[in-house]
Amino acid sequence: MRDPSTEFAVHVSELSRLFGSFVAVDRISFSVARGEIFGFLGANGAGKTTTIRMLCGLLVPSSGSGTVAGFDVMRDYERIKHRIGYMSQKFSLYDDLTVRENLEFYGGMYGMSGRDIGERISELFLSVGLREHADKLAGDLPLGWKQRMSLAAALIHDPDIIFLDEPTSGVDPVSRRSFWLLIYELADRGKTVFVSTHYMDEAEYCNRLSIMRLGRIVELARPADLKLKYGVPTMQAVFLQAVSGDET
Amino acid sequence: MNRTFVSIFKKELIHIFRDVQSLFMVLSMPLLMLLLYGYAITLDMKGIDIGIIDQSHTPESRQLIDRIASTDFFHIAARDVPVDTIGDLFKERIARCVLVIPEDFARTLVADRDARVQLVVDASDPNAANFVTNYVGQVISRQNASGNPGSNTLFTVSPRVFYNPDMRSADFFVPGLIALILILISTLLTSIAIVREKETGTMEQLLVSPIRPLQLILGKVLPYTMLGFIDGVLILVVGSIWFNVPIEGSLLLVLVMMMIYVVTGISLGILVSTLAKTQAVAMLAAVMLTILPSMMMSGFIFPIASMPRIFQYVSTIVPATYFLQIIRGIVLKGNTLANLYQQAAILLGMDVLLIALAVRTFRVRLE
């Protein structure tokens, strides 16, 4: 039998997180293959963000076990950090720094040399397309561009696994679409993308989906299989049934 | 290690220089306070309004009045009003004190050599009342001395004042202000700089990167250390050029001690930042923790020895208490390290303790 920690980008079993007596994440288990686009669905407060934070080493799991990029989430979170990129729900770059300065700063956080950072920024500008905004203050950019910039910052150290926590919330459909093209590009280059979303059209783009409800994973399958299982034509209908608890 | 630290340091500098308003505040506040304490707030009294009721109308009484009028302590605000209106003079704030020279002043002065004048003082400000009584006493004793050269006093005190011969308030306040401003600026800016990252969500982005708490803390804090330091030097320079506060001791020693003291403020600021969730809370906490104790319980204005016992104990844990002794010692008395090693050691001990606490409480995970 092969070791699941090396076979999968993310492998989690019985992972829980409590806040006081509130169970935010309740013994979830799943695996994400390398190069997969893994979708994370669920109502607000279902435990998506808490799960992502545990996998990124921001929160200590209360119990259970898991590996990210082959490293233990309990013990080796400092090593995990080198291999993952994270883009949080909230725009979390510096408004008073230019796009380039923001990226340079985050490059420095990963201990990259000035030359490496410069080269990497040029690459990112090519793929993400921020070149014409490079010297504008981040605070002056429209939201769609801010999100591309956040993605670029999360990719600065060329991580293997990218966690995107509702990356497209509040963005217009055109920007969302072009953002998803970027996600596909990443997956094509072998990156694992772990993305949470509220948009059902985006859910369709994922290789596999998990639906969370009250801290538990209630569904985990490919979008087409889910629609088949529930006998409905859209992800919207699948989602509503899954989170309402009619179907277990 | 170094690249990360340098990146954070550079980023903080950009924050500082792009936020011109805050930078202006940070640099102008010490100067403003310096002007305030240098000019407006002074413990010396001059031009005290005095009322004089001369019932004697003799050359002797006029001589006494001339003597009072000739000092710049007093300004004669009322003359020969009825005795029963003295209360009104005080109520209307026309005079702070009234000197009543009785009808028999000249006669008893010559005949019995035991003349009495009455001084009525408004003691609603007891400190000022004290000053007034002292000043009047001094004028009168000088008058006595000139009246009878071979007087029968057994001995007199001739004071010789060290370190601040003119007893100027500025000499007292300018070094004191450094103690106040340094700790305020370093605590305030440090805590705000860190809490801002928490409030805007950028802290989360930093914590997913492999930085170490020490890199983050040092990189963030060092630029603000420099700002606090610049403020201290600014006060020192302006104080010595504009207010002629002499710097008797070693300037180098002053700078080294300032450094130790700034570190105290910074570690306080880091501690505040680990507890505060918003910038507003951090600001309030920093001000309460620094300004109040540094002003009230350190000897900045009020001597510690005359405080109630409990506040004397409190003053021993206020960093400003020690820095005030250090800075006044060096600037006014020309103290060397040999005179100040105790205070310096206590401050250093506080630094070590606070840094240890700060690093312990500063987490790389959210929870």
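This is a predicted model: local features need pLDDT of at least 70, side-chain atom pairs count only at pLDDT 80 or more; totals for chains, interfaces and linings use all residues.
Biologist: OK, so how do α1(B) and α9(B) pack?
Modeller: Helix α1, residues 2–18 of chain B, packs with helix α9, residues 213–242 of chain B, at an angle of about 40 degrees, and their axes are 8 Å apart. The two helices α1(B) and α9(B) are therefore oblique to each other, and their crossing is right-handed.

Biologist: What kinds of residues make up that contact?
Modeller: The residues where α1(B) meets α9(B) divide into ten nonpolar, three polar and two charged. On the α1(B) side they include Phe5(B), Ile8(B) and Glu12(B), and on the α9(B) side they include Leu216(B), Gly219(B) and Lys220(B).

Biologist: Switching to chain A, what order do the sheet strands come in?
Modeller: Four strands of chain A form an open sheet in the order β2-β1-β4-β5, with antiparallel pairing. Because β2 (22–33) and β5 (71–72) of chain A stand at the edges with a single partner strand each, one side of each is left without a neighbour in the sheet.

Biologist: And how many bridges join β1 and β2 there?
Modeller: Strand β1 of chain A, residues 8–19, pairs with β2(A) in the antiparallel sense over eight bridges, and Leu18(A) stands opposite Val23(A) of β2(A).

Biologist: Back to chain B, how is it divided into domains?
Modeller: Chain B is divided into domain 1, covering 2–41 + 168–361, and domain 2, covering 48–147; the centres of these domains, taken over C-alpha atoms, are separated by 48 Å.

How values were computed:
Residues are numbered from 1 along each chain as its sequence is written. Chains are lettered from A and ligands numbered from 1 in the order in which they are written. Two strands pair if DSSP finds at least two bridges between them. Axes are lines fitted to C-alpha atoms, for helices over the stretch in contact, and angles run from 0 to 180 degrees between N-to-C directions. Angles under 35 degrees count as roughly parallel, over 145 as roughly antiparallel, 65 to 115 as roughly perpendicular and the rest as oblique. A crossing is left-handed if the near helix is turned anticlockwise from the far one by less than a right angle, and right-handed if clockwise. Two residues are in contact if their C-beta atoms, placed from the backbone, lie within 7 Å. Ala, Val, Leu, Ile, Met, Phe, Trp, Tyr, Cys and Pro count as nonpolar, Asp, Glu, Lys and Arg as charged, and the others, Gly among them, as polar. Domain bounds come from an automatic or database domain assignment.
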